[in-house]
Amino acid sequence: MKSWTLPLLGVHLSEGHSFMKILLIEDDPSIAQFLSNALTAYRYTVDTAADGQLGLELATQGEYGAILLDLMVPKIDGLSLCRHLRRQGCQTPILMLTAKDSDEDIVTGLDAGADVYVTKPCEPSQLIARIRALLRRQGSAVSSPVLKWGALCLDPGLIQVTYQQQIITLSPKEYSLLELFLRHPQRIFSRSAIIDHLWSIDESPTDAAVTNLIKDLRRRLKSAGITEDVIETVYRLGYRLRVPPQTDKKHNEEQLDWTKQQESYLKQEGIVLFDEALQDFQASLEKRLEVLDRAKSLLQLNHLDSSEIERVTEEAHRLAGGLGTFGYIRGSELARSLEHLFVERLLPKEELYTKFCQLLEELKQEIAKQPTPSTITTPQTASTPLVVVIDDDSSFTEALQQAATKRGFRLEVAPSRVIDCHWNVTEAPSVIVLSLYGTSMQANELSLVQNLKVQFPAIPVLILAKQDRLDERVAIARFRNVRYLLKPVTAQELLETIATVLSRNIVADAKVMVVDDDPVMLKTLTSLLQPCGLQVTTVPHPEMFWHILKFTEPDVLLLDLKMPTFDGIDLCRVVRQDSAYADLPIVVVTAHTDIDSIQQALAAGADDFLCKPIVGSDLVSRVINRIERSRSFGGGNSRSQQQQLKILPEESQAWQSEINKDGLTKVASGQYFHEFLAQVWQHLSGEQAPLSLIICDVDNFTFYNDSHGYQAGNFCLQQIANAIRECINPTSDLLARYGEDKFAVVLPNSNPNAALQVVEQIQFKIANLQISQNSSDKTRQISLSLGITSTVPTTEKSLQNAIAIATQALYAAKARGGNTYCLYPS
């Protein structure tokens with residue numbers, strides 16, 4: 001075997017791919033090691049499998065740019081493995097590398113699904129060239145621009161790093177690390193995220209390996225003449241690219257152009273991924289229609305048995321979700337009608353055949369048309385944070401502008417006169433800073449805050465006040481995600497606060513696991529989530545679900561409802577039965593929107609429902625909200641939370657302290673609700689006494705707000721809070737505001753019957769308020785949907801699971817049309 005020197009990366013190497021992982025399936029240790037070293041030298045990350053079974057698992061659950069497959073491997077041979085992957089819908093390029101070189105072997109290998117057939121022995125440089133050619137044909141329309149940080153340049157095409165036009169020699173890991181930061185200039189990478197990007201699964205490096213790699217890269221860059229640190233350490237979070245030095249106007253313009261290139265690259269990457277999913281879906285339509293055509297023929301001959309009915313129903317169901325997602329709205333409706341023909345089975349056979357033929361013909365006509373572009377939405381990708389400052393102090397804003405540029409923020413200053421006119425914001429800012437003009441907040445300033453929170457409800461607003469006034473703090477506290485700061489404050493202090501606010505909104509390195517038997521839908525969901533920085537693991541076969549779940553440890557789980565072998569409800573129950581995953585957020589993604597399906601999924605443990613067709617922005621918003629909510633509650637580690645809390649269960653009136661009180665409704669805050677419930681849970685678990693929990697939601701409150709205005713909405717919530725408070729025992733029970741329009745009631749020492757009595761009193765009180773939903777229709781009044789759970793707390797039971805069950809009961813009540821309640825035991 002020919003030896004091959006593994007060089008440090010320099011100018012002479014050829015084109016490569018960024019962060020590309022290769023799966024090598026080879027049972028000969030010496031060959032596997034040789035090929036792994038050769039690929040690593042060309043900046044590929046390599047996972048190796050010594051048998052076909054392990055290779056199948058890795059190929060199914062991992063994301064690889066290419067698979068190098070030997071034919072003669074144990075457990076599952078290469079041909080069988082290749083055929084199996086292609087039947088599963090795997091589109092990853094496969095290069096067969098084998099000593100079998102007869103024409104018959106080559107034809108058999110290519111027919112099995114291989115893209116390239118290479119015979120051993122093979123010159124390493126030729127093998128690398130074949131891999132590059134294979135990846136080029138696989139195709140990515142996104143070009144790789146030269147990445148710059150000041151005078152530091154990284155050329156992905158040449159795999160070359162230069163500083164002031166002088167080549168810097170880096171090791172493969174150092175090069176990949178630098179490229180990772182340059183491609184994501186605003187992202188913070190934890191040590192675990194860096195390991196996932198730069199190391200293969202069998203290397204198992206420690207956090208210390210990342211620390212040493214960071215030190216090595218910094219030392220090499222400094223030895224090349226770079227005086228400032230390129231990589232910044234972010235306390236408790238990880239590392240990110242520091243903002244490059246800005247020496248002159250020309251350099252500033254170059255840096256701005258570089259930032260725009262990165263933003264354009266990320267946005268284009270998301271569009272390309274989604275377009276690829278659309279092309280795959282359109283390519284699959286022919287085979288999908290063949291299933292329906294076959295059903296049509298069998299239906300005419302009266303040979304459509306139960307298995308064929310199940311097959312055509314599943315295919316119509318997949319089409320309904322896929323067509324709607326990719327812009328075939330009418331086609332989605334027709335596919336859903338086809339599905340319902342066999343689900344409901346209301347028509348006699350003759351009419352069923354006629355109706356089926358009619359719907360199928362209309363469906364083919366719709367598929368022949370172009371999809372509606374406006375319905376194909378991809379989520380916005382992350383860009384440089386934009387800070388909007390409303391302030392007339394030019395000296396302060398100039399200092400803030402200079403400091404913001406160094407911190408990597410874009411800053412726009414708006415004068416205070418925008419308060420007196422209608423302000424149209426063309427781009428959603430990341431943070432808004434409002435400096436109060438006088439010694440107290442004016443009515444127009446408060447109105448501006450309200451308008452901004454209506455337009456951008458999730459965007460943080462920082463208020464800079466000259467005097468500390470309680471009435472202003474109370475007024476501001478009624479808005480979500482608004483902070484109150486006192487002047488004087490330096491530019492650096494303000495930017496530190498902004499950075500803290502933004503870092504709490506970052507869902508860094510979050511893992512999403514998607515289970516769906518439709519490979520096109522898996523690719524679609526991946527294309528929508530990956531550009532937002534989420535790590536996506538797809539599972540096309542439900543029977544592999546548990547193994548991959550334990551391997552991945554996701555932050556959120558997306559489940560299709562209807563799948564073969566094990567459906568989404570089965571998998572949802574399996575997750576909730578295991579204490580390790582009892583608090584894992586589960587979002588059901590399905591085309592089944594009937595009440596029975598929703599109730600079954602929620603009863604099985606689902607947290608949220610997302611209906612097909614998928615809208616990218618809605619999907620991303622739901623997933624990120626679930627991750628942030630889960631992380632804010634500490635991942636369900638209720639026992640450690642209980643040990644840290646100092647408030648005793650008997651002190652149920654502690655919420656009356658201003659720090660524990662909701663500013664609008666004057667009941668307990670959501671944060672204190674969790675503290676109180678944790679202490680009560682611990683207290684009752686020792687006494688083996690019952691506990692009931694009620695979570696209620698105001699029906700159609702958004703519509704009420706839109707119809708009557710936000711001031712009326714606030715007054716409505718105050719009335720509801722007062723009404724519920726009259727139904728509980730203030731010396732033992734707790735009422736808390738649990739969200740925008742949600743309330744939670746904790747009833748210690750209360751069994752289900754006692755909880756139902758409280759619920760009936762609440763419904764009676766709310767009905768007596770007689771608050772009209774619509775001024776033009778007095779008969780429609782404000783009502784509540786209520787979810788109830790009762791249990792006897794123990795140390796083995798999960799407090800967060802009780803909250804989840806009460807929430808599921810609430811969703812079931814809302815699914816029934818609202819103004820009712822559901823009781824689920826815990």
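Biologist: What does Lys222 form a salt bridge with?
Modeller: In this predicted model, Lys222 pairs with Asp229, and their closest N and O atoms are 3.5 Å apart.

Biologist: Which residue does Glu308 bridge to?
Modeller: Arg294, with the closest N and O atoms 3.2 Å apart. That pair links distant parts of the chain: Glu308 sits in helix α10 (residues 306-325) and Arg294 in helix α9 (residues 249-300), 14 residues apart.

Biologist: Why is Glu308 called buried?
Modeller: Because its relative accessible area is 13%, and buried means under 20%. Arg294 has 43% and counts as partly exposed.

Biologist: And Lys814, what is its partner?
Modeller: Asp699, again by a salt bridge, with 3.2 Å between the closest N and O atoms. Lys814 is in helix α27 (residues 799-815), while Asp699 lies in the loop between β22 (691-698) and α24 (701-708), 115 residues apart. Shared partners join Asp697, Asp699, Lys742 and Lys814 into one network.

Biologist: Is Asp699 buried or exposed?
Modeller: Asp699 is buried, at 6% relative accessibility. Lys814 is partly exposed, at 30%.

Biologist: Changing topic: which residues of helix α7 are buried?
Modeller: In α7 (residues 191-198) they are Ala193, Ile194, Ile195 and Leu198.

Key
Residues numbered from 1 in each chain as written. Predicted model: local features only at pLDDT ≥ 70, side-chain atom pairs only at ≥ 80, totals over all residues. Heavy atoms only, no water. Buried < 20%, exposed > 50% of the residue type's maximum accessible area, 1.4 Å probe, protein only. Helix = DSSP H or I, 4+ residues; strand = E, 2+ residues; numbered from the N terminus. Salt bridge = Lys/Arg side-chain N within 4 Å of Asp/Glu carboxyl O.
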